[in-house]
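Dear colleague,

Please find below the structure that I am handing over to you. I would be grateful if you would look through it before reading my notes.

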Amino acid sequence: MARKVFVLNGPNLNSLGKREPGIYGGKTLSDIETDCRTLGNELGFEIDFRQTNHEGVLVDWLQEAGDKAVGVAINPGAYSHTSIALHDAIRSIDIPVVELHLSNIHAREAFRHVSMVSPVVAGVILGFGPNSYDLALRALADICEN
Ligand code: CA2
């Protein structure tokens with residue numbers, strides 16, 4: 001049976017592909033979901049791909065992943081920079097979590113330079129556009145092998 005991996009997406013990522021392609025790339029979130037499913041098949045993962053604009057929903061999904069999944073790839077969107085609740089939720093689960101970002105948050109506004117979740121994740125992938133999702137899944141596959 002394929003191992004379940006949650007791919008979680010935070011606020012405004014549902015607008016991808018509609019505006020700001022120069023920063024985030026031209027793909028929609030639906031395009032990225034399709035790519036994740038294709039790669040998931042290759043890696044032996046069953047992908048559960050979700051997006052919400054609500055912080056508490058991300059907390060609920062992280063807790064759910066702790067019970068059902070072998071790992072999580074998460075783009076927490078702007079909550080990366082503010083959310084102690086996400087930090088605590090990630091700390092509370094015993095599976096690897098990879099944080100990812102489409103853009104290089106360190107090359108942007110100062111308020112994006114800090115991530116509240118980075119200290120409690122297995123690793124961070126950023127700046128590769130939609131390919132950051134691909135790299136995050138490959139990182140999880142590597143972690144789950146060892
Ligand atoms: O680079 C990333 O993946 C981010 O997590 C994306 C977030 C941003 O707040 C983070 O600092 C970095 C933004 C999500 C998408 O926002 C859009 C805004 C306008 C049009 C399309 C998407």
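This is a predicted model: local features need pLDDT of at least 70, side-chain atom pairs count only at pLDDT 80 or more; totals for chains, interfaces and linings use all residues.

I begin with helix α2. This helix has 15 residues, and the distance from its first C-alpha to its last is 20 Å, close to the 21 Å expected at 1.5 Å a residue. Its buried residues are L29, I32, C36, L39, G40 and L43. They cover an arc of only 110° around the axis, and therefore lie on the same side of α2. T38, N41 and E42, on the other side of α2, are exposed. The cover over the buried residues of α2 includes β1, β2 and α5. Just after α2 comes G44, which takes a positive phi of about 80°.

The buried residues here are L58, V59, W61, L62 and A65. Because these buried residues fall within an arc of 165° when seen down the axis of α3, they line one face of the helix. On the other side of α3, D67 and K68 are exposed. Among the elements that cover the buried residues of α3 are β1 (3–9), β2 (45–51), β3 (71–75) and α4 (84–91).

As general background, nonpolar side chains in soluble globular proteins tend to be buried together. The largest nonpolar core in this model has 22 residues, and those with the most contacts inside it are V7, I47, F49, Y133 and L137. Two or more residues of this core come from each of β1, α2 (29–43), β2, β4 (97–101) and α5 (131–145). Another core, of 19 residues, lies apart from it and includes L58, V59, L86 and I93. L58 and V59 are also among the buried residues of α3.

Finally, I would draw your attention to T52, in the loop between β2 and α3. Is T52 buried or exposed? Its relative accessible area is 7%, which is under the 20% cut-off, so T52 is buried. The side chain of T52 reaches the backbone nitrogen of H54 at 3.0 Å. Leaving aside residues up to four places away in sequence, T52 touches N9, G10, P11, V57, L58 and W61. Of these residues, L58 and W61 are among those buried in α3.

With kind regards

How values were computed. Residues are numbered from 1 along each chain as its sequence is written. Side-chain values use heavy atoms; hydrogens and water are left out. Buried means under 20% relative accessible area, exposed over 50%, partly exposed in between (1.4 Å probe, protein chains only). Helices (H or I, at least four residues) and strands (E, at least two) are DSSP runs, numbered from the N terminus. The arc is that of the directions from the helix axis to the C-beta atoms. Contact means heavy atoms within 4.5 Å. A nonpolar core is a set of buried Ala, Val, Leu, Ile, Met, Phe, Trp, Tyr and Cys residues joined through side-chain atoms within 4.5 Å. The expected span of a helix is 1.5 Å times one less than its number of residues. A polar contact is a pair of N or O atoms within 3.5 Å; within protein, one must be able to donate a hydrogen and the other to accept it, and residues adjacent in sequence count only if both atoms are side-chain atoms.
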